[in-house]
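Dear colleague,

I am passing on a structure that you have not seen before, and below it I have set out what was found. Please read the notes with the structure open beside them.

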Amino acid sequence: MQLRNIAIIAHVDHGKTTLVDKLLAQSGAFRENQRVAERVMDSNDLEKERGITILAKATSVVWKDTRINIVDTPGHADFGGEVERILNMVDGAIVLVDAAEGPMPQTKFVVGKALKIGLRPIVAINKVDRPDARPQEVINEVFDLFAALDATDEQLDFPILYGSGRDGWMATSPEGPKENGLAPLFDLVLDHVPPPKVEEGPFRMLGTILEANPFLGRIVTGRITAGQVRPNQAVKVLDRDGKVIEQGRVSKILAFRGIERQPIEVGEAGDIVSIAGLEKGTVADTFCAPEVDTPLPAQPIDPPTVTMT
Ligand code: GDP
């Protein structure tokens, strides 16, 4: 199956959760009798308490035989190193902006990081159903924001869609057509976002998110750069200097499938997966086949965030 890895960048309340729910509902990710759970990306109690998105999570939808992994980004500068690491797993981004509010100062940080690492965002102007929507002005504000963040000409030439996540449509004009639902957004992701770059050779994955899971213990999530990984496979962990941190075995591999993470039998290059079974490997370490000696390049990191799931 083809793959695309994207991030959605949005200010709180601009409609990210609602849009992802609708993407799931309109994609092939679900059997017909499977209900799309409400509030997919908003399920963490701590987040609800603080009203902000803290943890990185992913959802995956299938469109025209392509799996699209949608990674949630913390909408906040407090998670500096984490934002950069998460964005390094994706090849594209949807910048989702409320058609009435326009881009908010808090999203500047994440958008700036996305532009700096070379992503070419798609801009989606959301909530055009609002009576106070002013989509054309908001586009100009987004353009000014990108320009102020030193976007390249290519990045400034962003594709634009308008629509209403709540009503389940996106189109090239704020007036619609609405009948195509979110197909224009799915198609644009497939056309505009490059497939993940994969390298030749044995299994390698850069640890990107660390979690403490009550059932599986320590799990590390990342995008597989090369090769494949299977349960029970021998895996070595290298730190950023290439020092061997540990040698062990993968106990379980999970991948994002719809709203859940599901155990899989093989993790393929390009996909974003979570690996259990290693005891020391962490963020910015390279998880790899035993014969690999060179670590993947890693960003400098803050103290790793441990996520409880
Ligand atoms: P998030 O914080 O970005 O995940 O935003 P939510 O998806 O939780 O949406 C925030 C609020 O905006 C909720 O009250 C939604 O019902 C509302 N909302 C989401 N999408 C739309 C839309 O397309 N149009 C309108 N008018 N409201 C929307």
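Leaving aside its neighbours within four places in sequence, which residues is Gly 15 in contact with? They are Leu 96, Asn 126 and Lys 127, where contact means heavy atoms within 4.5 Å. This is a predicted model, in which local features need pLDDT of at least 70 and side-chain atom pairs count only at pLDDT 80 or more, while totals for chains, interfaces and linings use all residues. Residues are numbered from 1 along each chain as its sequence is written, and side-chain values use heavy atoms, with hydrogens and water left out.

Gly 15 sits in the loop between β1 (2-10) and α1 (16-26), helices (H or I, at least four residues) and strands (E, at least two) being DSSP runs numbered from the N terminus. Gly 15 is buried, at a relative accessible area of 12%, whereas Thr 18, at 28%, is partly exposed; buried means under 20%, exposed over 50%, and partly exposed in between, with a 1.4 Å probe and protein chains only. Thr 18 belongs to helix α1.

The unreviewed UniProt entry has a "binding site" annotation whose residues include Gly 15, Thr 18, Asn 126 and Lys 127; such annotations may be inferred rather than shown by experiment.

Turning to helix α5, its buried residues are Pro 135, Val 138, Ile 139, Val 142, Leu 145 and Phe 146. These cover an arc of only 120 degrees around the axis (taken from the directions from the helix axis to the C-beta atoms), which puts them on the same side of α5. Among the elements that cover them are β4 (92-98) and α4 (107-116).
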